[in-house]
Every structure is written in structure tokens, then in C-alpha cells.
Amino acid sequence: MIDQHCGGRSVRHSAARVGFPAAGHTRREFLGRVGAGCLAGAAWGRSHCSAAVDSAIPIVPFRNPGQALQFVVLGDTHYSAPDYEVSPRLHRAAQEILERYPNVSFVCHTGDLADGGSFVTDEHGKRRYVLAGYEQMHDELTFAMNDLEAMFRRPVFVAIGNHDRHDRGGRAFQEAVLRPTSKVAGQPMGQPRYAFRCGSACFVFLDYGAKDLEEQARFLEATLTAARNGGAKRIFLFAHFPLWTVVRSGFNRAEFTESILPLIIKYKVDAFFCGHTHNAIVSVRRFGESLVTQIQGASLGKSDQLV
């Protein structure tokens, strides 16, 4: 997906394009332009990578200051050792994206960067999924980050997915993903939830499986407060699990939704990006007088079975 403030087009896990609304258009008008099987972001107005930012939120290096902000959104890539079969498909997609949108600033990933396991057949002929250990998890995540950064030639920011923490504790994600992300953001990242500013837009990445959801909610509110007080015009949230599911029931975490949905409403978050269910859906729900936009992507990796 390419998200561009005003006049842009969108692709998610494909090269299909969908028009964005001009400033002032309603969400209903916008969603009416979204074709089946494609997703579009929820960006209204124009945001340049040269606006003043709040010093409490890291500033990410960006390309071509003064141009409309563009970013790629993808997810559920499920890089799997040793063959990494998804890589050629992603390289083709990245090449087409960059040919059409050379001013992309960075890539946002909604989780399940790696597969973190494999199906095996036991002596009784039954297939079962075996979780990866630390070494395989670290190898897959490291390959995935290097591969995506090489093909896009841009920083990559990831919201942790359930497959990304199969090493029982998530140490591999900390080392292979958060450590290089810390260098880009210019500050240490000890947990898989973080935020940054680029121009007048704020990007927040959350952990769907956080053990302390109250602590994460406090982080989110502090971040959103700083963003709004610092002049942020657009706020985008990213997590692996959806707030609500469509078609595939049971693939969300009610406690996670309940911990952040009031803040999404309160601070008028523009869009919540997610994945996990491997079906592409953009939906808007009304909560009282507020509208919440959820943009959910399909898998470009393994999508035959969900684990």
C-alpha cells in the first residue's frame, strides 16, 4: 500500500491502485472509490516532511523534504527459512511500487514478518505446526529485515506479529528488528511498541500481545497527547491483530481492542492498520459520533493455513 496525503493512490500486497480523496472529502465518498480486493489508506489533506515536530517523539530521517509524505504498508510476509520463497514476489512488488512512487519515505509492516515455524508430518501421517527456536527465529527475522530494506532502500518499521515471537519470549525480535529500528529512530527501544514523527504525521506501532495492556495504553495516550500538542495533523496506528474481524471470527484479542479503542476515538486517529487474518478489508465503524477506520491487509506469504 502506498499512503500519500492528498492525490495519492494505494496498493496493498499488489500493484492495484485506488484513488485517495482530496482534502475535504468524506470517508463515505472515499470508501465508495475502493474496489474489491484492494485497500486504501485514510489520509486526508496534505502533510509535508518539513513541519515542526514534538521533541518527545523521535524524528525519523526522511527523503525529499517538502514533498507530500508517502509510505508503503505491507504485512504477513511470513519469511520462512531456508528457501524464503516470498522474497522474489516482494522484490517484484517493490520494484513496481518504487517505479510509480519514487518519493516513498519508509515502509510500515503490520506483523508476521517471519513465519517462525514449519509444518511437519508425524509417524501417524498427521501434520502439525512446530514453532521455531531462537536461532531459526533470529535468522528469519534478520533475513526479512535485510531483504525488505534492500529492495525498498528505505527504513522498515514493524509491528510485532504472533509468528514473530515464536521463540518463547521474543528475544529474536528484540535483537533482529528493534535493535536496527532503534538506530533509525535515534533512541533505544526496549519493547515492541514505539512511535515516531515524520513531518506533521505521527506513526505509532503497538504490541497486540502486550502482557501489560494498561502500561501500553498509558504509552499510547502520552504519545497521542504529545503528537496533538506538537501539531500533528495525521495519526496512524499499526498493530498485527485487528480491532474487529470481518468474515474470520476469533482472530482478534478483545482485551487489546478495549485497551486502545477509547484512545483511538478520543484522539481522532486517522487509520488503524493491521493484518493477521490474511483477508483484505477496509472498514469503518461508528462509535457514537465518531468513526474509526480499520485497514486490514492480505498475506503475500503463506495464507493457506492460519496458526
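1. At what angle do helix H3 (residues 134-152) and helix H4 (residues 171-185) pack, and how many Å apart are their axes? In this predicted model, the angle is about 25° and the axes of H3 and H4 lie 7 Å apart. Angles under 35 degrees count as roughly parallel, so H3 and H4 are roughly parallel to each other. The crossing of H3 past H4 is right-handed.

2. If you want to look at that contact, H3 brings in Tyr134, Met137, His138, Leu141, Thr142 and Met145. On the H4 side, the residues include Arg171, Phe173, Val177 and Pro180.

3. Now for the sheet. It is an open one, made of 6 strands with mixed pairing, and the order is S9-S10-S11-S12-S14-S13. Strand S9 (194-198) and strand S13 (281-287) sit at the edges, each pairing on one side only. On average, neighbouring strands here are turned by 20° against each other, ignoring direction.

4. Inside the sheet, strand S11 (residues 234-238) and strand S12 (residues 271-274) run parallel and are joined by 3 bridges. Have a look at Phe238, whose bridge partner in S12 is Phe273. Helix H6 (residues 254-266) packs on this sheet, touching S11, S12, S13 and strand S14 (290-296). The direction of H6 makes about 125° with that of S14.

5. A polar atom of the Gln296 side chain lies 3.3 Å from the backbone oxygen of Gly275.

Definitions and conventions
Residues are numbered from 1 along each chain as its sequence is written. This is a predicted model: local features need pLDDT of at least 70, side-chain atom pairs count only at pLDDT 80 or more; totals for chains, interfaces and linings use all residues. Side-chain values use heavy atoms; hydrogens and water are left out. Two strands pair if DSSP finds at least two bridges between them. Helices (H or I, at least four residues) and strands (E, at least two) are DSSP runs, numbered from the N terminus. Axes are lines fitted to C-alpha atoms, for helices over the stretch in contact, and angles run from 0 to 180 degrees between N-to-C directions. Contact means heavy atoms within 4.5 Å. A polar contact is a pair of N or O atoms within 3.5 Å; within protein, one must be able to donate a hydrogen and the other to accept it, and residues adjacent in sequence count only if both atoms are side-chain atoms. Angles under 35 degrees count as roughly parallel, over 145 as roughly antiparallel, 65 to 115 as roughly perpendicular and the rest as oblique. A crossing is left-handed if the near helix is turned anticlockwise from the far one by less than a right angle, and right-handed if clockwise.
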